[in-house]
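Q: How are hydrophobic cores and ring contacts to be read from a structure?

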Amino acid sequence: MTRTKPIHSTSHSDLYYRDFVAWSDEQALLLEQERFSELDLIHLIEEVRDLGRRERDAIESQLERLLLHVLKWQYQPKLKSSSWEISIKDARRQIKKLCRKYPVLIKHIHKEDVFDECYLDAREAAIDETGLPKKTFPLECSYSLDQVLNSSFFPEAIADE
C-alpha cells in the first residue's frame with residue numbers, strides 16, 4: 001500500500017507516513033491498553049482491510065498460475081515438462097493450504113467473476129509465454145474450478161499446430 005501524506009494530518013497520521021512500523025507498534029500498544037480513543041482509526045481500518053486483500057491476492061495469484069500451466073499443458077503438449085506438472089501440483093497445494101488457513105477464501109475463488117478474471121489473466125500470460133495466436137485459447141474457460149483443483153485433472157492435449 002502506498003502511503004501518501006495528505007495536506008492536513010494528525011500526529012498519529014504523521015507517524016503513519018513517517019514510520020509505519022513505529023505507527024503499527026503504537027497502535028498495537030494502544031489496543032492492548034484499551035486506549036481506544038487515541039487510536040488512528042482511519043488508517044487502522046485501512047490496514048485491517050488490507051490484510052484480507054493480501055490473502056485474496058495470494059490465492060488469486062496461485063489460481064492464475066494453476067490455470068496458466070493447465071493451459072500450457074493442454075495447448076502445447078509437445079513441450080510438456082515435469083516442471084509444468086510440478087507447478088500445477090504446487091499451485092493446487094498452495095490454494096488448498098490458503099483455503100484451510102482462511103476458509104472464507106473458498107467462497108472468494110468460487111465467485112464467478114474472480115474465477116473468470118483469473119482465467120483471462122492466465123490466458124494472456126499463456127499467449128505471451130507460448131507465442132501461440134490469441135485465438136488458440138478460448139475466451140471462456142473450458143474447465144470448472146472444481147476440475148482444476150482436482151489433483152487428478154490434467155486436460156486432454158490439443159495437438160500442436
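The dialogue below takes up the cores, then the rings.

A: This is a predicted model, in which local features need pLDDT of at least 70 and side-chain atom pairs count only at pLDDT 80 or more, while totals for chains, interfaces and linings use all residues. Residues are numbered from 1 along each chain as its sequence is written, and side-chain values use heavy atoms, without hydrogens and water.

Q: Which residues touch the most other members of the largest nonpolar core?

A: In soluble globular proteins, nonpolar side chains tend to be buried together. A nonpolar core is a set of buried Ala, Val, Leu, Ile, Met, Phe, Trp, Tyr and Cys residues joined through side-chain atoms within 4.5 Å; buried means under 20% relative accessible area, with a 1.4 Å probe and protein chains only. Here the largest core has 31 residues, and L63, L66, L67, Y143 and V148 touch the most other members. Helix α3 (a DSSP run of H or I, at least four residues) gives the most to this core, nine residues.

Q: Where is the other core?

A: Apart from the largest one lies a core of six residues, including L15, Y16, W23 and L44. Y16 is buried at 1% relative accessible area, and W23 is buried at 2%.

Q: How many aromatic pairs does the structure hold?

A: Rings of Phe, Tyr and Trp (its six-membered ring) pair if their centres lie within 6.5 Å, and planes over 60 degrees apart count as edge-to-face. The structure holds seven such pairs. Y16 and Y17 have ring centres 5.0 Å apart and planes at 85°, so this pair is edge-to-face. The pair of Y16 and W23 is edge-to-face too, with 4.8 Å between centres and 80° between planes. Ring pairs link Y16, Y17, F20 and W23 into a cluster.

Key: Buried < 20%, exposed > 50% of the residue type's maximum accessible area, 1.4 Å probe, protein only. Helix = DSSP H or I, 4+ residues; strand = E, 2+ residues; numbered from the N terminus. Phe/Tyr/Trp six-rings, centres within 6.5 Å; stacked < 30°, edge-to-face > 60°.
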